[in-house]
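Hi,

Here is the structure I said I'd pass on. Have a look at it first, and my notes follow below.

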Amino acid sequence: MVSRMTRRILVALDFDHTIVEENSDIVARKLIHSDLIPDGVRRLYQTKGWTEYMSEIFKILHKNKISKETIVEAMHNMTPTQKMPEFLKWLNKENHEAIIISDSNSVFIDVWLRHRKLDEYIARVFTNPASFNEDGLLLIKPYHEQDSCKLSTRNLCKGAILEAYIKERQEEEVLFDMVAYVGDGQNDLCPALRLSKDDVVFPRIGFTLDNILKKPKDEQKVIARVRPWISAAEFIPVLQN
């Protein structure tokens, strides 16, 4: 006997500038003066990528006696975007599903969610794994290594993660009537392109993804409905309809 499949909406969200107003990595970097960052480390972003760059930033923070507690407190102080906590709670109440796909790291996201008591409303977090070692140094690793998606960084293809999660849930007999993606940056274009005409992408107004979708290249044309946003309260009527 085949069991009846549960049907619901999946909402995948970026973290920086989407769930929170700030960029969590930049918040951490600002805990030291920019003069303390050597030119060689500054250039790492262009040569090795953002994750390698932040790994060196964490070493500089540690070298300059920036404690684990100071870093965690800085994450606690990040501000949620307008009506985002209320939206996450609404999703949970309506038995929909929310996941986070972010190029931040697991420590920053987890401590913020727990501090704001929002962790129970997130089904899964996909991000670069991180942890503090016994000396208080924050260590970060790439989520994965990929070279198949040219729109994404080597350490994180959000589109591949989203598709894999949908497939995983389908194997668990959960089908989604609609998939919504909420983001702000260039690396949010890949998952947006993988959505169907029945899905919706919410680009944050005034940020990179919104600007890309206003003037898409032929090979970057999103077929999902596009609904730019300022407040997370705007998501609810779209998903209800």
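**What I found**

Let's start with helix α5 (residues 68-76), where Ile71, Val72, Ala74 and Met75 are buried. Buried here means under 20% relative accessible area, exposed means over 50%, and partly exposed is in between (1.4 Å probe, protein chains only). Helices (H or I, at least four residues) and strands (E, at least two) are DSSP runs, numbered from the N terminus. Looking down the axis of α5, the buried residues fall within an arc of 155°, so they line one face of the helix; the arc is that of the directions from the helix axis to the C-beta atoms. They pack against α1 (24-29), α4 (50-63), α7 (106-115) and β4 (130-132), with contact meaning heavy atoms within 4.5 Å.

Before going on: this is a predicted model, so local features need pLDDT of at least 70 and side-chain atom pairs count only at pLDDT 80 or more, while totals for chains, interfaces and linings use all residues. Residues are numbered from 1 along each chain as its sequence is written, and side-chain values use heavy atoms, leaving out hydrogens and water.

Next, the cores. A nonpolar core is a set of buried Ala, Val, Leu, Ile, Met, Phe, Trp, Tyr and Cys residues joined through side-chain atoms within 4.5 Å. The largest has 56 residues, and Phe87, Leu88 and Leu239 have the most contacts inside it. Apart from that one lies another core of 22 residues, among them Leu156, Tyr165, Ile212 and Val222.

Then the aromatics. Rings of Phe, Tyr and Trp (its six-membered ring) pair if their centres lie within 6.5 Å; planes under 30 degrees apart count as stacked, over 60 as edge-to-face and the rest as tilted. That rule gives nine aromatic pairs. In one of them, Phe58 and Phe108 have ring centres 5.8 Å apart and planes at 85°, so the pair is edge-to-face. Phe58 sits in helix α4 and Phe108 in helix α7, so the pair ties together parts 50 residues apart in sequence.

Phe87 and Phe235 are edge-to-face too, because their centres are 4.9 Å apart and their planes at 75°. Phe87 lies in helix α6 (residues 84-93) and Phe235 in helix α11 (residues 235-240), so this pair ties together parts 148 residues apart in sequence.

Cheers
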